[in-house]
Amino acid sequence: MLVAENSLYLDIASDPNSVSLLDDLDAMIVPHSVMPAGNDVQVAAVRELLSTAGQLIPGSLLIKNPYESDVFEFSEHALESFASAKYHHLATVAKLLGAKDVQFEDAKIERQTTATNGGIRAIIPGFGGADADVSKEFARKLDDRLEGRLIFGGGAPDPEAALEYLSLHNLATNQQLRSLVEMRTGSNPIQSYRMTLSGTRESDANLRAALSIAESVSGKKGVTIGASFTREVTSIRSIEITTSIEF
């Protein structure tokens with residue numbers, strides 16, 4: 001979603017080559033304060049949400065949080081925020097299932113050649129240059145957000161609470177997490193589990209929608225939208241987070 005300067009929004013609305021962008025509710029363009037040219041109800045609701053959150057800032061590219069309804073993230077922080085959120089949601093599910101120890105082991109950023117940065121393995125395309133710099137910076141930001149180890153008191157598993165938590169955070173269809181709940185249910189529950197989760201699966205559609213806005217709008221009236229976000233999304237294929245859990 002883009003919060004457009006009023007002049008940019010009116011330019012898009014009056015240009016036959018770009019007016020169709022205003023019909024896309026997945027990649028929404030929200031005018032800062034002028035009346036919207038379409039989807040009035042949806043735009044008004046989103047604008048109120050952004051205003052309340054202090055995010056109604058002209059020129060801002062925002063991405064819907066896949067795990068929280070009606071929450072948006074500024075694009076420059078979105079990729080690592082969503083990957084970190086996935087890890088912490090896993091940790092919360094593990095806690096509800098009676099975990100004692102949840103330990104982050106590795107975050108792998110898929111690339112073509114392997115390099116290491118601050119304990120996070122990045123597979124970087126080519127042999128240096130802009131893509132390598134993007135990967136190193138992203139690896140540093142992700143490393144800052146991930147808790148290395150979480151210690152809990154343990155306890156009896158509560159599968160119903162864990163399943164309810166998954167539903168509340170749009171993770172009910174994640175088969176790995178559902179399998180974890182099943183393996184902690186009934187007799188002979190699992191005592192130790194090492195799992196690798198995609199850090200981008202649920203957010204991929206939202207990231208691509210934002211990328212579509214950035215590519216479509218950048219250049220109009222000399223505007224550049226989400227340059228650093230675009231570099232990250234186009235150079236990072238996927239993120240995989242490996243975690244060990246002890247019950």
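Q: What counts as a contact in this predicted model?
A: Two residues are in contact when heavy atoms lie within 4.5 Å. On that basis, among contacts in the protein chain between residues at least 6 apart in sequence, 64% join residues at least 24 apart.

Q: What makes up the protein chain, and what does its C-alpha trace span?
A: The protein chain has eight helices and ten strands. Along the principal axes, its C-alpha trace spans about 65 × 45 × 25 Å. Of its 247 residues, 45% count as buried.

Q: Which residues of α7 and α8 meet?
A: From α7 come Leu207, Arg208, Ala210, Leu211 and Ala214. From α8 come Phe229, Thr230, Val233 and Thr234. Sorted by class, this contact of α7 with α8 has six nonpolar, two polar and one charged residues.

Q: What makes α5 roughly antiparallel to α6?
A: Helix α5 (residues 159-168) packs with helix α6 (residues 175-183) at an angle of about 170°, with the axes 9 Å apart. Angles over 145 degrees count as roughly antiparallel, and α5 is therefore roughly antiparallel to α6.

Q: Which residues make the contact of α5 and α6, and how do they divide by class?
A: Pro159, Ala162, Leu163 and Leu166 of α5 take part, together with Leu177, Arg178 and Val181 of α6. By class, the contact of α5 with α6 has six nonpolar, no polar and one charged residues.

Q: Why does Asn170 count as partly exposed?
A: Its relative accessibility is 47%. Buried would need a value under 20% and exposed a value over 50%, so Asn170 counts as partly exposed.

Q: Which class, buried or partly exposed, does Asn39 fall into, and what is its phi?
A: Asn39 has a relative accessible area of 24%. The cut-off for buried is under 20%, so Asn39 is partly exposed. Asn39 lies in the loop between β2 and α2, with a positive phi of about 50° although it is not a glycine.

Q: Why is the pair of Tyr87 and Phe104 called edge-to-face?
A: A search of the whole structure finds one aromatic pair. In that pair, the rings of Tyr87 and Phe104 are 6.0 Å apart centre to centre, with 75° between the planes. Rings pair if their centres lie within 6.5 Å, and planes over 60 degrees apart count as edge-to-face. Both conditions hold, so Tyr87 and Phe104 form an edge-to-face pair.

Q: How do you know that the pair links distant parts of the chain?
A: Tyr87 is in helix α3 (residues 75-96) and Phe104 is in strand β5 (residues 101-109), 17 residues apart. Both Tyr87 and Phe104 are buried.

Q: Why does Ser244 count as buried?
A: Ser244 has a relative accessibility of 16%. Buried means under 20%, so Ser244 counts as buried. Ser244 is found in strand β10 (residues 239-246). Leaving out residues up to four places away in sequence, Ser244 touches Asp101, Val102, Gln103, Glu105, Tyr193 and Arg194.

Q: What makes Leu21 partly exposed?
A: Leu21 has a relative accessible area of 22%. Buried means under 20% and exposed means over 50%, so Leu21 is partly exposed. Leu21 is found in the loop between α1 (6-14) and β2 (29-31). Residues up to four places away aside, Leu21 touches Ile12, Ala27, Ile29, Ser216 and Val217.

Q: Why is Gly59 called partly exposed?
A: The relative accessible area of Gly59 is 40%. Exposed means over 50% and buried under 20%, so Gly59 is partly exposed. Gly59 lies in the loop between α2 (40-52) and β3 (62-64).

Methods: Residues numbered from 1 in each chain as written. Predicted model: local features only at pLDDT ≥ 70, side-chain atom pairs only at ≥ 80, totals over all residues. Heavy atoms only, no water. Helix = DSSP H or I, 4+ residues; strand = E, 2+ residues; numbered from the N terminus. Nonpolar A, V, L, I, M, F, W, Y, C, P; charged D, E, K, R; others polar. Buried < 20%, exposed > 50% of the residue type's maximum accessible area, 1.4 Å probe, protein only. Phe/Tyr/Trp six-rings, centres within 6.5 Å; stacked < 30°, edge-to-face > 60°. Axes fitted to C-alpha atoms, helices over the stretch in contact; angles between N-to-C directions. Parallel < 35°, antiparallel > 145°, perpendicular 65-115°, else oblique.
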